[in-house]
Amino acid sequence: MMLLRLFWEFFKIGLFAVGGGMATIPFLYDLSDRTGWFTHTQLADMIAISESTPGPIGVNMATYVGYEMSGIPGSIFTTLGFVAPSIIIIIIVSLFLQKFRENRYVESAFYGLRPASSGLIASAALSVAIVALLAEDWSFAALPGCIRWPAVALAVFLFIVTNLKKTKKWHPIVFLGFSAVVGIVFGFAGA
């Protein structure tokens, strides 16, 4: 029964994953709140792992959650659930490609989906920033005391370094590796 629920939950997420894997993150936060399968902190860890491994982030996250919940069968069911809507939609679109391409309503719908997916991605970025840069029990009243200053310093440093002319062309793995070493050396988990 758990495998079917995993499939169904990720089918729904995959159905609305317009804009790519980052657009799924708000849905994953909702899934976390509804099911308790993982915490927001664990979700931030999943995002970091999914971003640093090959493949689409949405598929990686679905696979990760499925594995955490039900092992290898869970990872298979969540991955299939996540990609099934895309496969179905692609098959339907390919059957009616000419009609879809020339239909002004479809074109208008896709035009309207652009800001929606931008908003979902911005929401995901804000959620990840809050988890990464603020203490778990943060509040606006005690905001200065809740800021994880070492993490903020690392984020600002990386933002500056990645935009320098000399380092702009470096591979992202260099910055991920550097950040991992800094996190281990300075013990950012407890910061």
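Helices (H or I, at least four residues) and strands (E, at least two) are taken from DSSP runs and numbered from the N terminus.

View 1. The lining consists of Phe-10, Ile-13, Thr-24, Leu-28, Gly-58, Met-61, Ala-62 and Phe-82. Two or more of these residues come from each of α1 (2-15) and α4 (57-95). A cavity is a set of points on a 1 Å grid over the protein atoms alone where a 1.4 Å probe fits but cannot get out, and lining residues have an atom within 4 Å of a point.

**View 2. Volume and residue classes of the largest cavity.** The structure holds one cavity of 30 Å³ or more. The space in the largest cavity is about 30 Å³, a volume being the space filled by probe spheres set on grid points joined across faces, edges and corners. Six lining residues are nonpolar and two polar, with no charged ones (nonpolar: Ala, Val, Leu, Ile, Met, Phe, Trp, Tyr, Cys and Pro; charged: Asp, Glu, Lys and Arg; polar: the others, Gly among them).

**View 3. The largest pocket.** A pocket is an open set of points with protein on both sides within 12 Å along at least five of seven lines. About 1500 Å³ of space lies in the largest one. Of its 41 lining residues, Ala-44, Ala-48, Val-128, Ala-132 and Ser-179 lie nearest the centre. Elements giving two or more residues are α3 (40-52), α6 (104-133), α8 (149-162) and α9 (172-186). The lining has 29 nonpolar, eight polar and four charged residues.

Residues are numbered from 1 along each chain as its sequence is written. In this predicted model, local features need pLDDT of at least 70 and side-chain atom pairs count only at pLDDT 80 or more, while totals for chains, interfaces and linings use all residues; side-chain values use heavy atoms, with hydrogens and water left out.
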